[in-house]
Amino acid sequence: MQPLDNPVWHALTGPQSTVAEGAGRAFRYRPEYSVFSALPDDAEPLDWQSLATLLGGTAPALLTTATDPPPGWQRLGSFAVLQMVLERTAAVDTATVVPLGPDDLTELTELVCVAKPGPWAARTHELGDFFGIRVDGRLLAAAGQRIRLPGHVEISAVSTHPDARGRGLGAIVTAAAAEAITARGDAPFLHVVTDNADAIRLYERIGFVVRQHFDFGLYQPDPSTDIEAGT
């Protein structure tokens, strides 16, 4: 299988191992960085047992694949996601984009909380570079990087303040994040829920195409089941 078919596992066993926690062949981001967990492509019941140990019992796990779990686990739900990769570089003027640093964290967090682009934790901003657009000193759009695996870096947390939507700012910061990734010799990719038609059109406009359909799944050990015994 290609690394992008299981991006979190390849990230946490590779370039982002320093922000990972593991048990056996099960891994997760340390909770202050991200909510994702991961199992290998050929996961076996023993790997799910390791995941339960890693999560501390009955805490849920968010995986980038929705599958039927082994006995002792329940799937709480799933949601459909498109994985998109950059196929061409569109002509987008990114001159108004500025890099964001530690001094911008409060404003960046406030913007993410308003725009709600997806999961955000206390140290998510440390997973990669972030970029923003300010208008009259106010941060109105931002995008950054999250999952990093060999040869590929994910663009994430694309946010536009509701007061500034419809002005193309999301496309500009996304293009800036993509430029930074390609400048380092890596390939940009991203994930977007399938019912977010506006975001999909935005990404297509700047050169992203659909590579894969995913069903992200949320799983939890069944508290009534002894996973170790399988009963």
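**Note on the predicted model**

1. Helix α4 is followed by G185, a residue whose phi is positive, near 90°. The model is a predicted one, and this should be kept in mind for each of the points below.

2. Is α4 enclosed or open to the outside? Twelve of its 15 residues are buried, so the helix is largely enclosed by the rest of the structure, where buried means under 20% relative accessible area. Among these buried residues are L169, I172, V173, A180 and I181, together with G170 and T174.

3. In soluble globular proteins, nonpolar side chains tend to be buried together. The largest nonpolar core here has 29 residues, and of these I155, V192 and Y203 touch the most other members. Two or more residues are given to this core by each of β5, β7 (130-135), β8 (138-149), β9 (152-160), α4, β10 and α5 (197-205), and the largest share, nine residues, comes from α4. Leaving aside residues up to four places away in sequence, Y203 touches M84, V158, T174, L190, V192 and F208. Another core, of 21 residues, lies apart from the largest one and includes W9, Y33, L62 and V85.

4. Strand β5 (residues 73-86) pairs in the antiparallel sense with strand β11 (residues 208-221) over 13 bridges, and in that pairing W73 stands opposite P221. Strand β5 also pairs in the antiparallel sense with strand β10 (residues 187-193), in this case over five bridges, with L82 standing opposite V192.

5. An open sheet of three strands has the order β1-β2-β3, with antiparallel pairing. Strands β1 (20-23) and β3 (37-38) stand at the edges, each with a single partner strand, so one side of each is left without a neighbour in the sheet. Strand β2 (residues 26-29) pairs with β3 over two bridges, and F27 stands opposite A38 in β3. Across β1, β2 and β3 lies helix α2 (residues 45-55), which runs at about 35° to β2.

6. How many salt bridges does the structure hold? There are twelve, and three of them can be described one by one. In the pair of R134 and E107, the closest N and O atoms are 2.7 Å apart; this pair links distant parts of the chain, with R134 in strand β7 and E107 in helix α3 (residues 105-115), 27 residues apart. R134 is partly exposed, with a relative accessible area of 28%, and E107 counts as partly exposed at 29%.

7. The side chains of D198 and R201 meet in a salt bridge of 2.3 Å, N to O, and because these residues are three apart in helix α5, about one helical turn separates them. D198 counts as exposed at 55% relative accessibility, whereas R201, at 47%, counts as partly exposed. Salt bridges that share partners also join R25, D42 and D47 into one network.

8. A further salt bridge joins E32 and R30, with the closest N and O atoms 3.1 Å apart. E32 is partly exposed, with a relative accessible area of 25%, and R30 counts as partly exposed at 23%.

Definitions and conventions:
Residues numbered from 1 in each chain as written. Predicted model: local features only at pLDDT ≥ 70, side-chain atom pairs only at ≥ 80, totals over all residues. Heavy atoms only, no water. Pairing = 2+ DSSP bridges. Helix = DSSP H or I, 4+ residues; strand = E, 2+ residues; numbered from the N terminus. Contact = heavy atoms within 4.5 Å. Axes fitted to C-alpha atoms, helices over the stretch in contact; angles between N-to-C directions. Buried < 20%, exposed > 50% of the residue type's maximum accessible area, 1.4 Å probe, protein only. Core = buried A, V, L, I, M, F, W, Y, C linked by side-chain atoms within 4.5 Å. Salt bridge = Lys/Arg side-chain N within 4 Å of Asp/Glu carboxyl O.
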